[in-house]
Amino acid sequence: MKLYRFLSADDTSEFCHKVTDALNKGWELYGSPTQAFDAANGVMRCGQAVTKDAPGVYTPDTKLGAQ
């Protein structure tokens with residue numbers, strides 16, 4: 001099955017660690033990262049899509065972060 005996740009966090013090292021953790025678990029970057037100003041909270045936010053091929057059959061109950 002092909003899995004997709006969109007990782008996001010404030011523009012801090014937390015975001016980089018989240019993406020690095022996913023890469024080390026076999027996820028691959030998909031597309032370019034995004035960045036936008038969150039006016040409600042006064043912070044920059046980052047996002048990055050990742051994909052992964054995994055065994056099994058996808059269902060809506062699949063825990064993407066556990067793959």
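I counted a disulfide as a pair of cysteine sulfur atoms within 2.5 Å, and the count came to zero.

A note on what I am looking at: this is a predicted model, where local features need pLDDT of at least 70, side-chain atom pairs count only at pLDDT 80 or more, and totals for chains, interfaces and linings use all residues. Residues are numbered from 1 along each chain as its sequence is written, and side-chain values use heavy atoms, with hydrogens and water left out.

My terms are buried for under 20% relative accessible area, exposed for over 50%, and partly exposed in between (1.4 Å probe, protein chains only). Cys-16 is partly exposed at 48%, whereas Cys-46 is buried at 10%.

Then I turned to the rings. I paired rings of Phe, Tyr and Trp (its six-membered ring) if their centres lie within 6.5 Å, calling planes under 30 degrees apart stacked, over 60 edge-to-face and the rest tilted. That gave me one aromatic pair. The ring centres of Tyr-4 and Tyr-30 are 6.3 Å apart and the planes stand at 85°, so I logged the pair as edge-to-face. Tyr-4 belongs to strand β1 (residues 2–10) and Tyr-30 to strand β2 (residues 28–38), so the pair ties together parts that are 26 residues apart in sequence. Helices (H or I, at least four residues) and strands (E, at least two) are DSSP runs, numbered from the N terminus. Tyr-4 is partly exposed, with a relative accessible area of 45%, and Tyr-30 counts as exposed at 51%.

I also found the charged end of Arg-5 over the ring of Trp-27, 5.1 Å from its centre. For this, NZ of Lys or CZ of Arg must be within 6 Å of the ring centre and within 35 degrees of the ring normal.

Last, I went along helix α1. Which of its residues are buried? I found Phe-15, Val-19 and Ala-22. Just after α1, I noted a positive phi of about 95° at Gly-26.
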